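Dear colleague,

Please find below the sequence and structure that I am handing over to you. My findings come after them.

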Amino acid sequence: MSALLPEPALAGDLPDLLALLAACSLPTADLAQRHLADFLVCRDGGRIVASGGLEFHAAAALLRSLAVAPSHRQRGLATRLVDELVQRARNRGQHEILLLTTSAAGFFAARGFQPFDRRQVPPELAQCSEFRDLCPASAVCMRRTLANGGAA
């Protein structure tokens with residue numbers, strides 16, 4: 001079986017992306033067309049089977065909406081998406097990526113993210129809807145610091 005590679009989301013992908021996120025019990029309320037420019041998807045037969053995106057803020061990037069359809073798990077799709085998103089954040093000059101997770105802390109820890117005190121999140125990021133409204137207070141906040149131009 002050939003590897004499914006991350007590719008940029010297209011303008012018409014929003015309905016399918018929202019359906020995937022809902023099927024994976026991830027928040028969708030604030031996701032809009034404008035976010036697609038910083039989203040990657042993996043397709044199988046034209047169908048979106050995995051996704052991940054970044055929200056860029058002055059202080060840090062927020063990794064969000066990492067989802068893999070149950071039928072396509074354990075194939076390395078999430079790892080490929082995270083690797084590509086980290087590189088994109090680095091290319092944009094970001095120094096760190098933060099995220100919130102209720103169920104994948106171990107996965108993210110294995111990819112260089114460490115638990116981070118939610119109270120220490122930069123104010124601009126703390127005001128985005130993921131932190132303010134959509135993710136429960138019980139979600140684990142994690143951060144990965146990016147080295148400029150090299151592996152972190």
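The model is predicted, so local features need pLDDT of at least 70 and side-chain atom pairs count only at pLDDT 80 or more, while totals for chains, interfaces and linings use all residues. Residues are numbered from 1 along each chain as its sequence is written, and side-chain values use heavy atoms, with hydrogens and water left out.

Salt bridges (a side-chain nitrogen of Lys or Arg within 4 Å of a carboxyl oxygen of Asp or Glu) number 8. E7, D13 and R43 are linked in a network of them. R43 pairs with E7, the closest N and O atoms being 2.6 Å apart; R43 is in strand β2 (residues 39-44) and E7 in strand β1 (residues 7-8), 36 residues apart. Strands are DSSP runs of E of at least two residues, numbered from the N terminus. D13 also forms a salt bridge with R43, at 2.5 Å between the closest N and O atoms.

E7, at 30%, counts as partly exposed, that is, between the buried limit and the exposed one of over 50%.

R64 lies in strand β4 (residues 61-68) and is buried, at 1% relative accessibility. Its side chain makes a polar contact of 2.6 Å with that of E55; such a contact is a pair of N or O atoms within 3.5 Å, and within protein one must be able to donate a hydrogen and the other to accept it, with residues adjacent in sequence counting only if both atoms are side-chain atoms.

Yours sincerely

How values were computed
Helices (H or I, at least four residues) and strands (E, at least two) are DSSP runs, numbered from the N terminus. Buried means under 20% relative accessible area, exposed over 50%, partly exposed in between (1.4 Å probe, protein chains only).
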